[in-house]
Amino acid sequence: PMQLYEALYCYAIFITLLVMQESKRFADGVIFWSYLLLYGISRFIVNFWRVPEPGEAVFFSISTGQWLSLLLAFAALIWFGMTINSRRSLVRRAKA
């Protein structure tokens, strides 16, 4: 049933991103990085139910796919953090 779970969470991500796009109040790149964040988190969670293939590398009880999903989510979080910090500095400069 992993394919069904994946289809459901991909559909939920699609609806979320569609609503975000229709609101048209997000800066460039936010929807793309939101997708990476949501997909990374959901893939990480769903992969806990998946049985690893024989010979698949598992480190600290987390599969390779889960490590990559974490990397994807962290990259998106870093981008969001950098974007928020750059906007704050622009606001500070504008007020000065």
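## Getting to know this chain

Student: Is Ser34 buried or exposed in this predicted model?

Tutor: Ser34 has a relative accessible area of 9%. The cut-offs are under 20% for buried and over 50% for exposed, with partly exposed in between (1.4 Å probe, protein chains only). So Ser34 is buried.

Student: Which backbone oxygen does the side chain of Ser34 reach?

Tutor: Some ground rules: local features need pLDDT of at least 70, side-chain atom pairs count only at pLDDT 80 or more, and totals for chains, interfaces and linings use all residues. Residues are numbered from 1 along each chain as its sequence is written, and side-chain values use heavy atoms, leaving out hydrogens and water. At 2.6 Å, the side chain of Ser34 reaches the backbone oxygen of Val30.

Student: Which residues does Ser34 touch, leaving aside neighbours within four places in sequence?

Tutor: Here, contact means heavy atoms within 4.5 Å. By that rule, Ser34 is in contact with Leu17, Met20 and Phe80.

Student: How do the elements of the chain run from the N terminus on?

Tutor: Helices (H or I, at least four residues) and strands (E, at least two) are DSSP runs, numbered from the N terminus. The chain has 3 helices and 2 strands. In order, they run α-α-β-β-α.

Student: Which residues have the most contacts inside the largest nonpolar core?

Tutor: A nonpolar core joins buried Ala, Val, Leu, Ile, Met, Phe, Trp, Tyr and Cys residues through side-chain atoms within 4.5 Å. In soluble globular proteins, nonpolar side chains tend to be buried together. The largest core here has 14 residues, and those with the most contacts inside it are Tyr9, Ile13, Val30, Leu37 and Phe80.

Student: Is Tyr9 buried or exposed?

Tutor: You'll find Tyr9 in helix H1. Skipping residues up to four places away in sequence, Tyr9 touches Tyr39, Ser42, Arg43 and Val46. Its relative accessibility is 10%, so Tyr9 counts as buried.

Student: How far apart are the C-alpha atoms of Tyr9 and Val46?

Tutor: Along the chain, Tyr9 and Val46 are 37 residues apart. Their C-alpha atoms are separated by 9.1 Å.

Student: Which residue forms a salt bridge with Glu6?

Tutor: A salt bridge needs a side-chain nitrogen of Lys or Arg within 4 Å of a carboxyl oxygen of Asp or Glu. For Glu6 and its partner, the closest N and O atoms are 3.0 Å apart. Glu6 lies in helix H1 and the partner in helix H2, so the pair ties together parts 37 residues apart in sequence. That partner is Arg43.

Student: About how much accessible area does the nonpolar surface patch have together?

Tutor: Patches use residues with over 30% relative accessible area and no salt bridge, joining like charges within 9 Å and nonpolar side chains (Val, Leu, Ile, Met, Phe, Trp, Tyr) within 5 Å. This one is formed by Tyr5, Leu8, Ile41, Ile45 and Trp49, with H1 and H2 each giving two or more residues. Accessible areas come from the Shrake-Rupley method with a 1.4 Å probe, and for residues only the protein chains shown count as cover. Together, the patch has about 540 Å².

Conventions: A polar contact is a pair of N or O atoms within 3.5 Å; within protein, one must be able to donate a hydrogen and the other to accept it, and residues adjacent in sequence count only if both atoms are side-chain atoms.
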